[in-house]
Amino acid sequence: MTAAMEYKMGRPTYRLTTNAVGESHAIETAQRLGLPPSIVKRAEELLGDDQRRLLALQRQASAAEQDFIAAKLEADQREAAAQQAILETQSKESDLAHRAQQLTQMEVEVKERMNALKRQTDAELKARVEVKERQFQDVVRRLKMEAQHSGVQLRIVGDALEDLRVQVTAPKASSSDVPAIPGAMGLRDPLNRGDWVVVMADPPWYGLKGQVERIELAKDGGAPCIHVRLGANGKLKEFSKTQLKRTQAPPQAARTLKKPKNEVAAPTRNYSSMMF
């Protein structure tokens with residue numbers, strides 16, 4: 001059985017390996033131990049051809065072994081770097097997945113907040129619109145009443161809220177605007193609650209003085225119905241606006257109405273202290 005002492009990188013490992021042929025490492029050992037170069041060179045010159053070839057092969061094997069070890073070391077380093085890169089990549093992927101989950105949760109929360117804010121804004125806007133609409137309807141109702149009082153036509157025109165305006169159209173003169181009774185008021189003549197009027201209708205009410213207590217507008221655009229408290233006996237009677245005439249003071253010669261049958265006469269009122 002063949003056996004030899006093992007050398008690694010030109011150095012002995014002091015291990016015996018079987019089935020191996022031993023090699024001489026004298027020259028390398030002399031160089032490593034620092035013998036003078038002239039002695040090492042002379043020793044190489046004294047070697048035979050076979051020994052020189054064997055020495056060259058030994059050097060080639062040693063260089064190849066060193067290259068192999070260096071390559072293996074580099075490969076190990078690359079493998080370690082690759083493993084480290086894999087670990088870092090896995091860590092980054094885990095971090096990215098965690099951040100993606102956080103972003104998804106944040107998106108859900110933002111959407112919920114936006115929806116809640118939208119619902120709140122819609123509710124506030126609806127409430128404001130309802131208030132403005134009630135105010136607008138109130139203004140329209142008052143305009144209609146004023147229009148019926150004055151006899152003109154009012155129309156709200158405009159495409160946008162900020163462009164709305166009231167268009168006033170005076171009605172064309174017609175035979176209905178002319179009082180049927182000479183001296184009485186027309187449909188467009190102003191008349192308010194509390195005004196004093198003289199009845200121009202046929203007897204027995206003609207010439208009586210009274211004060212307007214209530215005005216009922218006609219649905220068909222005709223003459224309003226005026227409720228007048230007569231000054232002669234305090235009775236409340238209804239007349240058409242075109243049957244009345246505005247006055248500033250009660251007539252001095254106002255006659256007293258005859259008391260209807262089966263009716264108690266109302267107490268006479270004292271108008272001397274009233275302001276006109």
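**Close-up views of a predicted model**

**View 1. Glutamate 6 and arginine 15 form a salt bridge, with 3.8 Å between the closest N and O atoms.** As in every view here, the model is a predicted one. A search of the whole structure finds nine salt bridges, and two others have their own views below.

**View 2. Helices α1 (residues 26-33) and α2 (residues 37-46) pack with their axes 10 Å apart.** The angle between them is about 175°, and anything over 145 counts as roughly antiparallel, so that is how α1 and α2 lie to each other. Look for Ile27, Ala30 and Gln31 on the α1 side of the contact, facing Val40, Ala43 and Glu44 of α2. By class, this contact has four nonpolar residues, one polar and one charged. Ile27 and Ala30 are buried in α1, and so are Glu28 and Thr29. Just after α1 comes glycine 34, which takes a positive phi of about 85°.

**View 3. A salt bridge joins aspartate 95 and arginine 99 at 3.3 Å, N to O.** Both residues belong to helix α3 (residues 49-150), where they are four residues apart, about one turn of the helix. Aspartate 95 counts as partly exposed, at 33% relative accessibility.

**View 4. Strands β6 and β7 are linked by the pair glutamate 213 and arginine 229.** Their side chains meet in a salt bridge of 2.9 Å, N to O. Glutamate 213 lies in β6 and arginine 229 in β7, 16 residues apart, so this pair links distant parts of the chain. Glutamate 213 is partly exposed, with a relative accessible area of 30%, and arginine 229 also counts as partly exposed, at 21%.

**View 5. The largest nonpolar core has 12 residues in all, among them Met185, Val197, Ile226, Phe239 and Leu244.** Two or more of its residues come from each of β5 (196-199) and β7 (225-230); β7 gives the largest share, three residues. Follow valine 197 to see its surroundings: beyond its neighbours within four places in sequence, its contacts include Leu191, Leu208, Val212, Val228 and Leu244. A second, separate core of five residues includes Ile27, Val40, Leu47 and Leu55.

**View 6. Glycine 207 is found in the loop between β5 and β6 (209-216).** This glycine is partly exposed, with a relative accessible area of 27%. Glycine 207 and leucine 244 are 37 residues apart in sequence, while their C-alpha atoms are 9.6 Å apart in space.

Conventions:
Residues are numbered from 1 along each chain as its sequence is written. This is a predicted model: local features need pLDDT of at least 70, side-chain atom pairs count only at pLDDT 80 or more; totals for chains, interfaces and linings use all residues. Side-chain values use heavy atoms; hydrogens and water are left out. A nonpolar core is a set of buried Ala, Val, Leu, Ile, Met, Phe, Trp, Tyr and Cys residues joined through side-chain atoms within 4.5 Å. Buried means under 20% relative accessible area, exposed over 50%, partly exposed in between (1.4 Å probe, protein chains only). Contact means heavy atoms within 4.5 Å. Axes are lines fitted to C-alpha atoms, for helices over the stretch in contact, and angles run from 0 to 180 degrees between N-to-C directions. Angles under 35 degrees count as roughly parallel, over 145 as roughly antiparallel, 65 to 115 as roughly perpendicular and the rest as oblique. Ala, Val, Leu, Ile, Met, Phe, Trp, Tyr, Cys and Pro count as nonpolar, Asp, Glu, Lys and Arg as charged, and the others, Gly among them, as polar. A salt bridge is a side-chain nitrogen of Lys or Arg within 4 Å of a carboxyl oxygen of Asp or Glu.
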